[in-house]
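Welcome! Please take a look at it first, and then read on.

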Amino acid sequence: MFAGMHMPSFDRASAWLNTGPLALDRLRGQVVLVDFWTLTCINWLRTEPYVRAWSRAYRDDGLVVVGVHTPEFAFEHELDRVRLAVAEREIDYPVALDNDYGIWTAFANHYWPALYFVDRDGKIRDHHFGEGRYEQSERVIQQLLGIERELVSVSGVGVEAEADWVNLRTPETYLGYTRGEPIDGLIGDWRVEREYVVLDKAGGSIAFPFHARDAHLVLSSRRSDPIPFRVLLDGQPPGASHGVDVDAEGNGLLEAGRMYQLIRQDGPVRDRTVEVTFAEAGAEAYVFTFG
């Protein structure tokens with residue numbers, strides 16, 4: 001349905017990172033890849049190694065990647081949080097902040113991540129929503145550039161590593177009342193808000209059963225100081241199955257609003273229960289995601 005449609009402008013961006021404002025006339029004559037993302041999205045995190053690699057591999061051939069950060073949660077509107085995510089992911093291509101969903105609406109977009117492939121005349125020639133289809137997407141880029149060569153080699157690490165799709169059986173689970181359903185694993189003095197659950201008294205926990213290699217939790221806090229937390233796997237320290245944001249004893253620190261990887265199972269994947277206990281009040285938990 002997008003074939004032949006001209007790329008909408010980025011005029012409604014609230015701010016830009018890595019560049020000044022990009023008008024359409026500055027992009028005419030170049031192939032453009034538009035990437036809609038939001039910093040807490042595990043699906044985007046796993047696609048970002050490919051987008052980053054394509055930007056670097058083909059920019060001298062005339063490719064311009066434009067990231068459009070359209071926030072899912074309220075705390076993702078903050079410029080400094082997006083700037084930190086851009087630095088952590090080593091994103092060096094232009095990023096438009098779409099806090100008012102103006103660009104999102106102009107593209108009639110509904111997904112994170114979403115890729116739109118635009119030719120030198122400014123027409124959208126292809127699109128892809130979600131993860132996967134990497135080889136075909138890169139071939140589309142090459143076709144629009146008028147080149148043909150070996151595809152880039154990409155291997156995501158850490159939170160960017162590809163999901164273990166064979167063993168991924170637990171869907172993402174939102175905790176706020178707008179998109180979530182009540183869960184049995186809230187232990188302590190929790191309050192359910194629209195986007196998240198918030199801990200009102202120190203020592204509260206969230207326990208959640210899952211079947212996946214990786215378990216992540218989007219967290220934030222309005223406190224100025226960090227909040228220590230402890231992760232247990234089936235009631236024990238995770239050991240070699242700890243995620244990148246905790247140590248083998250399960251110790252972690254909630255500092256910035258983002259997605260935290262709690263568990264990456266070492267060995268065969270099976271039914272497990274992850275439990276997260278927060279040492280101080282004020283922790284906000286948004287959504288469990290898995291990989």
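Predicted model: local features only at pLDDT ≥ 70, side-chain atom pairs only at ≥ 80, totals over all residues.

**Overall build**
- The chain has five helices and 17 strands.
- Its radius of gyration is 20 Å, close to the 19 Å that the globule rule gives for 291 residues, so the chain is as compact as a globular protein of that length.
- If you follow the C-alpha trace along its principal axes, you will find that it spans about 60 × 40 × 30 Å.

**Inside and contacts**
- Of the 291 residues in the chain, 54% are buried.
- Among contacts with a separation of 6 or more, 74% are between residues 24 or more positions apart.

- The accessible surface of the chain is about 13,000 Å², and carbon and sulfur atoms account for 47% of it.

**A closer look at Thr-40**
- Thr-40 counts as buried because its relative accessibility is 3%, and the cut-off for buried is under 20%.
- Its side chain makes a polar contact with the side chain of Glu-76, at 3.0 Å.
- Leaving aside residues up to four places away in sequence, Thr-40 touches Glu-72, Phe-73, Phe-75, Glu-76, Val-218, Arg-258 and Met-259.

Technical notes:
Residues numbered from 1 in each chain as written. Heavy atoms only, no water. Helix = DSSP H or I, 4+ residues; strand = E, 2+ residues; numbered from the N terminus. Rg over C-alpha atoms; globule rule 2.2 N^0.38 Å. Buried < 20%, exposed > 50% of the residue type's maximum accessible area, 1.4 Å probe, protein only. Contact = heavy atoms within 4.5 Å. Areas by Shrake-Rupley, 256 points an atom, 1.4 Å probe, with all protein chains shown as cover. Polar contact = N/O pair within 3.5 Å; in protein donor to acceptor, adjacent residues only side chain to side chain.
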